[in-house]
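Here is a short walk through one protein model. Keep the sequence and the 3D view side by side as you read.

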Amino acid sequence: MKVIGAGLPRTATTTQMFALEQLDCCPCYHMRDLLVDLEGGLPLWERVAEGTPDWEAIFGTARSTADWPAARYYRELMDYYPEAKVLLSVRGGEEWALSMQQTVWGIFHGDTVIHHLCEARAVLDPLWQRYMKLMRHLTWDDGVGALAGDSSTTEGLIAVMERWNESVKASVPAERLLVWDPREGWEPLCEFLEAPVPPKPLPRLNDTDSFREGIIGGALDVVNEWWDVRERPISGLHGAVLT
């Protein structure tokens with residue numbers, strides 16, 4: 001393991017994954033790895049939450065990490081991989097809070113389509129239900145969650161973000177840490193990793209619309225599949241004729 005990502009979700013962690021994989025830190029373990037294999041990945045991360053991690057089983061041949069849930073355990077990973085550097089991706093507070101409200105935070109909180117569809121999916125999909133329970137525990141639950149506290153307002157979300165970032169800066173020795181805003185481009189990251197700068201500009205990946213498309217679309221797929229295979233009645237609401 002060469003690089004441990006400690007940045008919060010919605011700090012361009014997909015862009016960070018792309019960048020690391022271009023700089024000889026490939027493969028990069030990312031939230032996508034868990035989402036594409038909930039059946040295999042959830043038991044491993046549930047063990048982490050219980051205090052019995054098997055990092056080798058989770059990361060395999062990965063040479064870097066980015067995004068949740070790995071970033072949640074950057075301290076433990078620093079100890080387990082003492083030669084690895086730590087990358088804290090950051091973003092402006094209001095910009096980050098708005099992105100979170102429309103994506104990650106919105107999955108678990110608020111009166112929104114993304115929240116209600118994800119809750120509906122959890123009723124129908126046991127793996128998704130376990131995923132939401134685990135992520136809620138690691139992220140939002142009082143006394144445990146990395147972002148626990150009053151996150152119901154923009155100001156509250158910014159405060160928990162700042163608390164997280166300051167805790168990373170205080171925990172990681174300066175020589176092992178890079179605080180990086182992806183809008184700064186390749187140069188700071190390449191200098192940190194002693195790697196040449198790629199010729200093409202750093203792309204922006206997984207914007208808010210793309211995130212919502214994937215999560216809402218996935219929930220709708222599950223709900224629609226359930227609806228398609230239901231046992232159909234012979235009449236509709238109040239005796240209406242079914243077509």
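What follows moves from helices to single residues and then to backbone details.

The model is predicted. Begin with a pair of helices. Helix H3 covers residues 38-50, and helix H9 covers residues 126-139. Their axes come within 10 Å and cross at roughly 30°. Angles under 35 degrees count as roughly parallel, so H3 is roughly parallel to H9. The crossing of H3 and H9 is left-handed.

Which residues of H3 and H9 make the contact? From H3 come Leu 38, Glu 39, Leu 42, Pro 43, Trp 45, Glu 46 and Ala 49. From H9 come Leu 127, Trp 128, Arg 130, Tyr 131, Leu 134, His 137 and Leu 138. Sorted by type, the residues of this contact are 10 nonpolar, 1 polar and 3 charged.

Now turn to helix H11, residues 186-193. Its buried residues are Trp 186, Leu 189, Cys 190, Phe 192 and Leu 193. How are the buried residues of H11 arranged around its axis? They fall within an arc of 160°, so they line one face of the helix. An α-helix has 3.6 residues a turn, so residues three or four places apart point the same way. The cover over the buried residues of H11 includes strand E1 (3-5) and helix H1 (13-22). Strands E4 (85-89) and E5 (177-180) are also part of that cover. Just after H11 comes Glu 194, with a positive phi of about 55°.

Helix H6, residues 93-102, can be read in a similar way. Gly 93, Trp 96, Ala 97, Ser 99 and Met 100 are its buried residues. They cover an arc of only 165° around the axis, which puts them on the same side of H6. Among the elements that cover them are helix H7 (104-108), helix H10 (154-171) and helix H12 (208-228).

Next, two single residues. Met 17 sits in helix H1. Is Met 17 buried or exposed? With a relative accessible area of 7%, Met 17 is buried, because buried means under 20%. Leaving aside neighbours within four places in sequence, Met 17 is in contact with Cys 28, His 30, Arg 32 and Ala 66. Met 17 and Val 113 are 96 residues apart in sequence and 28 Å apart in space, C-alpha to C-alpha.

Arg 121 belongs to helix H8, residues 113-124. Arg 121 counts as buried, at 15% relative accessibility. Not counting residues up to four places away in sequence, Arg 121 touches Trp 128, Gly 218, Ala 219 and Val 222. Arg 121 and Ile 216 are 95 residues apart in sequence, yet 9.8 Å apart in space, C-alpha to C-alpha.

Most residues other than glycine have a negative phi, and most peptide bonds are trans. The peptide bond from Cys 26 to Pro 27 is cis, with omega near 0°. Asp 24 is found in the loop between H1 and E2. Its phi is near 65°, a positive value.

Then look between strand E3 (64-65) and helix H5 (74-80), where Pro 69 lies. A cis peptide bond joins Trp 68 and Pro 69, with omega about -5°. Asp 67 lies in the loop between E3 and H5. Asp 67 has a positive phi of about 75°, although it is not a glycine. At 8% relative accessibility, Asp 67 counts as buried.

Technical notes
Residues are numbered from 1 along each chain as its sequence is written. This is a predicted model: local features need pLDDT of at least 70, side-chain atom pairs count only at pLDDT 80 or more; totals for chains, interfaces and linings use all residues. Side-chain values use heavy atoms; hydrogens and water are left out. Axes are lines fitted to C-alpha atoms, for helices over the stretch in contact, and angles run from 0 to 180 degrees between N-to-C directions. Helices (H or I, at least four residues) and strands (E, at least two) are DSSP runs, numbered from the N terminus. Angles under 35 degrees count as roughly parallel, over 145 as roughly antiparallel, 65 to 115 as roughly perpendicular and the rest as oblique. A crossing is left-handed if the near helix is turned anticlockwise from the far one by less than a right angle, and right-handed if clockwise. Contact means heavy atoms within 4.5 Å. Ala, Val, Leu, Ile, Met, Phe, Trp, Tyr, Cys and Pro count as nonpolar, Asp, Glu, Lys and Arg as charged, and the others, Gly among them, as polar. Buried means under 20% relative accessible area, exposed over 50%, partly exposed in between (1.4 Å probe, protein chains only). The arc is that of the directions from the helix axis to the C-beta atoms.
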